[in-house]
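This report describes one protein model for a reader who has not seen it before. Please look over the sequence and the structure, then read on.

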Amino acid sequence: NTAVEKKAGDLIYAGGKQIGSAIELEIIKDVSQSYITQLWNNEVFNSKKNEERSFIHPWSRYFTLALFAIAISTLVFWSVVDSSKILPAVTAVLIVACPCSLLLSATFTYGNMLRIFGRNKLYMKNAAVIESLAKIDAIVFDKTGTITQTHSAAVQYSGLPLSEKEQAIIKTAARQSSHPLSRLIASSFNNLAESSLSTTAFKEYSGRGLEAVIDNVPVKIGAAGFIKTNVMLTHDTGTSVHVLLNDVHVGKFNVQNQYRSGINDMVAKVKDADNSLYVLSGDNDSEKENIRRIFGTETETCFNQSPQQKLEFIRALQQKGKNVLMLGDGLNDAGALMQSNVGIAVSENSAQFSPASDAILDGNNVWMLDKFTSYAKAGKNMVMASFILSILYNIVGLSFAVQGVLSPMLAAILMPLSSISIVLFVSLLSSIVARKKGL
C-alpha cells in the first residue's frame with residue numbers, strides 16, 4: 001500500500017494505519033457496530049476465515065427440493081382426479097410454502113444477537129463468528145492488556161537519575177506506542193509538564209520494544225533482550241521495561257500488574273463449561289503465582305512468548321482437534337488472533353480497530369466472557385426453535401394447499417404473515433435468552 005501524506009485538519013478514516021510517530025486526532029463521529037463491520041468487509045482485510053455457511057443452509061436447499069417434489073405430485077394427482085383443481089392447488093402449494101422463512105430463522109436470530117453483543121461492547125465481524133464461538137472448546141488468554149488492566153498499574157523506575165528533559169524524552173517515545181506497557185510508562189509521567197520535543201524517527205518491534213529519535217537523542221525502550229546493551233542486566237523479577245538513552249542503559253521500569261475485576265469468577269465459569277484454558281505471555285514468569293491462583297495449576301502457562309510462538313501454539317492446539325478462542329491485544333497478538341478459530345482483540349477503546357481479529361471487546365467487559373460464550377452456544381438452539389416453527393407452518397399450509405381447499409389469494413396472505421411471525425419470534429426469544437444470560 002502507498003503511504004498518503006496528511007496535513008493538520010485533514011480527515012482520517014478508521015481502518016487506516018499511521019506510519020511513524022503518534023498523531024493527535026479529534027473524533028468527530030462515534031464508532032458503531034455497523035461501521036466497524038464495513039471496515040472488516042473492506043477487500044483489504046478479506047480472509048477465508050469464518051466464511052463457512054450456516055448449518056441451516058443445507059436444510060433450506062433440501063426444503064426447496066421437497067417443495068418441488070410436492071408440487072409435481074400435486075400436479076399429477078389432480079390431473080388424474082380433478083383437472084379443474086390443478087391450477088389453484090399447485091399455485092397455492094408454490095405460494096404458501098416459504099423456504100425463505102427458514103433462512104430468516106438464522107438471519108434474524110443472529111442479527112439480533114449481534115445487536116445484543118454490540119450493546120455489551122463485543123463487536124463481531126459477522127454472524128458466522130457467533131457460530132464459531134459456539135464451537136470453541138479451548139481458550140487462550142494473553143496476559144498484558146487482556147487479563148490485566150492497561151490504565152491501572154504500579155510503575156516504578158529504578159536506575160540512574162533522570163533529568164527533566166530525559167524524562168520528557170522517555171515519555172514522548174513511550175506515548176508513540178500502542179503497547180499496554182508503553183502506555184503505562186507514559187502515563188507515569190503525567191505530572192511532567194507537556195513538552196514539544198520533535199520525533200524525527202520511530203519504529204516499533206511487535207512484542208519486543210521500540211526505538212526512536214527524540215530531539216536528536218536516540219532512544220530504545222523494551223525488553224532486556226531487545227536493548228542489547230553492554231551493561232550487565234540483572235535478572236528481572238517482575239515485568240520490566242528497559243531504557244537506553246544515547247546508547248546508555250539508564251535503568252528500567254518495573255510494572256506491577258493489576259488484574260481486571262471479575263476475572264476469577266469468569267475463569268471458574270468457562271472452566272465449568274468444559275473449556276481447556278491456556279495463558280500465553282510475552283513477559284517473564286514473575287506473575288506465575290498470580291496466574292496459578294486465578295487459573296489453577298492445571299492451566300498450561302507459557303512465558304517469554306514471541307508473537308510467532310503464540311501463533312504456533314494455537315496452530316498446535318488446532319492440529320489436536322481443538323476449536324480455539326484467542327483473547328489478546330490487536331498489535332502483538334495479531335498473528336495469533338488471525339490463526340485462532342475466533343480471535344477477540346481486547347481494547348480499552350473500541351475505535352482501535354484491529355482487522356486481524358474477528359471481534360473487538362471492551363477491556364472493562366472481559367469478565368463477561370463466560371456470558372458471551374454461553375449466549376453464543378444458545379444461538380443454535382434458538383435458530384432450531386424458529387426453524388421448527390417455520391417447518392410446522394409449512395406442513396400445515398401445504399396440507400391444505402395440496403387438497404385444493406386453500407385459495408392462491410389466501411396463500412399469498414399467509415406467506416408474508418409467516419415471515420413476520422418468524423421475525424417477531426426470534427427477536428423476542430433472543431432478547432429473553434440474553435436477559436437470562438445476564439446480557
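## A hairpin

Strand 7 and strand 8 form a hairpin with two residues between them; Asn246, in the turn, has a positive phi of about 55 degrees. Ser240 has Asn254 in strand 8 as its bridge partner.

Helices (H or I, at least four residues) and strands (E, at least two) are DSSP runs, numbered from the N terminus.

## Basis of the model

This is a predicted model, in which local features need pLDDT of at least 70 and side-chain atom pairs count only at pLDDT 80 or more, while totals for chains, interfaces and linings use all residues. Residues are numbered from 1 along each chain as its sequence is written, and side-chain values use heavy atoms, with hydrogens and water left out.

## The sheet around the hairpin

Strand 3 is joined to strand 8 by six bridges, and the two run antiparallel; here Gly159 has Gly251 in strand 8 as its bridge partner. Six bridges also join strand 5 (residues 209-214) to the antiparallel strand 6 (residues 217-222). Gly209 stands opposite Gly222 in strand 6.

Is helix 7 (residues 180-187) largely enclosed or open? Six of its eight residues are buried, so helix 7 is largely enclosed by the rest of the structure. Buried means under 20% relative accessible area, exposed means over 50%, and partly exposed lies in between (1.4 Å probe, protein chains only). The buried residues are Pro180, Leu181, Ser182, Leu184, Ile185 and Ala186. These residues pack against strand 3, helix 6, strand 5, strand 7 and strand 8.

## Surface positions

A nonpolar surface patch of about 610 Å² is made by Met409, Leu410, Ile413, Leu417, Ile420 and Leu424. Patches are made of residues with over 30% relative accessible area and no salt bridge; like charges are joined within 9 Å, and nonpolar side chains (Val, Leu, Ile, Met, Phe, Trp, Tyr) within 5 Å. A salt bridge is a side-chain nitrogen of Lys or Arg within 4 Å of a carboxyl oxygen of Asp or Glu. Leu417 is in helix 14 (residues 408-436) and is partly exposed, with a relative accessible area of 47%.

Asp265 is in helix 9 (residues 263-272) and counts as exposed at 53% relative accessibility. Its C-alpha atom is separated by 9.2 Å from that of Asp370, 105 residues apart along the chain.

## The whole protein

The protein has 14 helices and 13 strands. Of its 439 residues, 45% count as buried. Its accessible surface comes to about 22,400 Å², of which 56% belongs to carbon and sulfur atoms; accessible areas come from the Shrake-Rupley method with a 1.4 Å probe, and for residues only the protein chains shown count as cover.

Among contacts (heavy atoms within 4.5 Å) between residues at least 6 apart in sequence, 66% join residues at least 24 apart.

Methods. Pairing = 2+ DSSP bridges.
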